[in-house]
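Hi,

Here is the structure I promised to pass on.

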Amino acid sequence: MNRIAEDGIAAHWIYKDKRGGSSRDEQKESQRFSLLRQLVDWVRRPSHDGDGDVLNPVQGKKLFEDEVFIFSPSGQLFALKKGATALDFAYRIHTHLGHGCVGARVNNRMVPLKHQLENGDTVEVLHSSQQTPHRDWLDIVHTSRARSCVRAWLKAQWRNEHMSAGRDMFDKELKKRASRMGVAIGANSKQYKRQLDKVLSFYKLEDETHLVSGIGRGHISVGTAVDVFLGDSRKKQKQKSRNKETGVADTKEEHGERKKTNSPTRREGIVVGGERNILVGFCRHCNPLRGEAIRGLVTQGRGITVHRSDCQYMIGSNVERRIEATWDPQAESFAKPRPVRVDVVFEDSVGILASMSKSISSLGINIDGVVLRKASKGRGRARFELMLSSKDDLERVSRQLLVEDGVLTVQRS
């Protein structure tokens with residue numbers, strides 16, 4: 001008990017093992033702990049005169065190659081992974097302190113969050129209640145604890161954003177459709193709760209939170225959810241069946257949609273030089289997505305080829321062959337998915353590919369193919385070919401993958 005009181009529980013177990021016969025590794029660990037204890041006691045003494053001999057046993061020895069030992073302002077000692085930053089130290093102290101970290105004072109000198117700590121540093125964390133974690137913090141932290149804390153916060157934040165967006169989409173669509181049908185439904189009425197229970201039962205969801213979150217993430221169609229809520233989905237289906245038999249268009253709106261899809265330009269959703277109804281194709285090298293800046297390039301025999309503005313083929317092309325091109329806002333709902341390659345760097349571990357694939361599929365995005373390669377330092381690289389319709393789809397995939405444990409970077413190739 002005296003051993004535990006003086007050196008802590010770790011030293012107690014090393015001591016017990018030594019009594020029963022220990023291996024070389026255990027003896028080495030015991031020596032490391034003993035020397036570290038001497039160093040800590042030496043550092044805490046008010047005067048070090050005549051104590052130079054204390055350092056003799058550790059001079060020239062690499063006892064702590066994979067760790068750095070850091071002091072708090074009160075003198076507490078913390079062990080961190082080598083390469084740890086000031087932000088890692090903040091999360092080592094407390095999650096709340098890490099979330100609000102705005103900087104640190106190392107040995108009485110101001111440093112940024114990404115400052116790498118060294119053995120013997122005394123670190124004071126600077127905290128602000130206005131600070132919140134950012135996605136680029138995942139590139140700053142080195143310890144698994146800090147990375148998990150940042151990911152958990154980001155995941156919760158994105159969940160809140162999805163819920164807010166889904167709630168707004170559902171309320172707007174419901175209000176529009178109910179107004180068109182001449183139905184008044186109060187959000188707190190018994191009728192609203194009764195109809196909402198039908199929607200939850202239809203999708204087999206526990207509560208309204210899961211419904212609006214699913215709408216915000218794109219997993220649930222807001223139109224179908226409102227159909228079920230208003231109880232007119234069967235009526236619409238029967239009407240479509242009757243119209244199909246008679247050859248009559250379902251509605252004016254659907255007739256207009258079919259009219260739009262007959263035009264190749266409307267189908268692709270591109271306006272070239274201010275004109276629609278021009279045959280266009282897409283560059284297979286850059287594969288522009290709706291929402292990205294684009295330009296057109298006149299080609300022989302193939303009409304207009306649409307490129308991203310920063311595509312190397314566009315930049316190296318003849319200026320006289322270039323033409324202005326924009327996405328047609330009237331055709332936004334008809335955007336066709338196109339193959340886009342996304343590179344993911346991850347920590348190589350069992351089941352990581354399955355987790356990433358499941359994460360992508362949960363967004364309703366099809367995976368056309370994947371190529372895996374071994375990288376250095378226990379890392380791997382996956383190149384996914386995904387069918388995406390817009391820049392928003394690409395951003396959703398990036399956000400979803402970055403909250404997966406083990407995923408380090410996500411970028412378009």
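**Salt bridges**

Let's start with Lys172, which is exposed at 55% relative accessibility (buried means under 20% relative accessible area, exposed over 50%, partly exposed in between, with a 1.4 Å probe and protein chains only). Before going on, a word on the source: this is a predicted model, where local features need pLDDT of at least 70 and side-chain atom pairs count only at pLDDT 80 or more, while totals for chains, interfaces and linings use all residues. Residues are numbered from 1 along each chain as its sequence is written, and side-chain values use heavy atoms, with hydrogens and water left out.

Lys172 makes a salt bridge with Asp168, and their closest N and O atoms are 3.4 Å apart (a salt bridge here is a side-chain nitrogen of Lys or Arg within 4 Å of a carboxyl oxygen of Asp or Glu). Asp168 is partly exposed, at 39% relative accessible area. The two sit four residues apart in helix H6, so about one helical turn separates Lys172 from Asp168. Helices (H or I, at least four residues) and strands (E, at least two) are DSSP runs, numbered from the N terminus.

How many salt bridges does the structure hold? The count is 14.

- Arg295 pairs with Glu324, with 3.8 Å between the closest N and O atoms. Arg295 belongs to strand E8 (residues 294-299) and Glu324 to strand E10 (residues 322-327), and the two are 29 residues apart. Arg295 is partly exposed, with a relative accessible area of 24%.
- Lys374 and Asp348 meet through their side chains at 2.5 Å, N to O. Lys374 is in strand E12 (residues 367-374), whereas Asp348 lies 26 residues away in the loop between strand E11 (338-347) and helix H14 (352-361). Lys374 is exposed, at 65% relative accessible area, and Asp348 is partly exposed, at 39%.

There is also a network of salt bridges that links Arg167, Asp171 and Glu208.

**Back to helix H6**

Glu173 is in helix H6 too, which spans residues 144-181. Is Glu173 buried or exposed? Its relative accessible area is 17%, so Glu173 counts as buried. Setting aside residues up to four places away in sequence, Glu173 touches Val222 and Val226 (contact means heavy atoms within 4.5 Å).

**The cores**

The largest nonpolar core has 28 residues, and Leu87 and Phe89 touch the most other members. By nonpolar core I mean a set of buried Ala, Val, Leu, Ile, Met, Phe, Trp, Tyr and Cys residues joined through side-chain atoms within 4.5 Å. At least two residues of this core come from each of strand E1 (67-71), strand E2 (77-81), helix H4 (86-93), E3, E5 and H6. Beyond its neighbours within four places in sequence, Leu87 contacts Gly98, Cys101, Leu113, Trp137, Ile140 and Val141. Another core, of 20 residues, lies apart from it and includes Ile352, Ala382, Leu386 and Val410.

Three strands make an open, antiparallel sheet in the order E4-E3-E5 (two strands pair if DSSP finds at least two bridges between them). Strands E4 (109-111) and E5 (123-127) are at the edges with a single partner strand each, so one side of each has no neighbour in the sheet. Strand E3 (residues 101-106) pairs with E5 over five bridges, and Gly103 has Leu126 of E5 as its bridge partner.

Cheers
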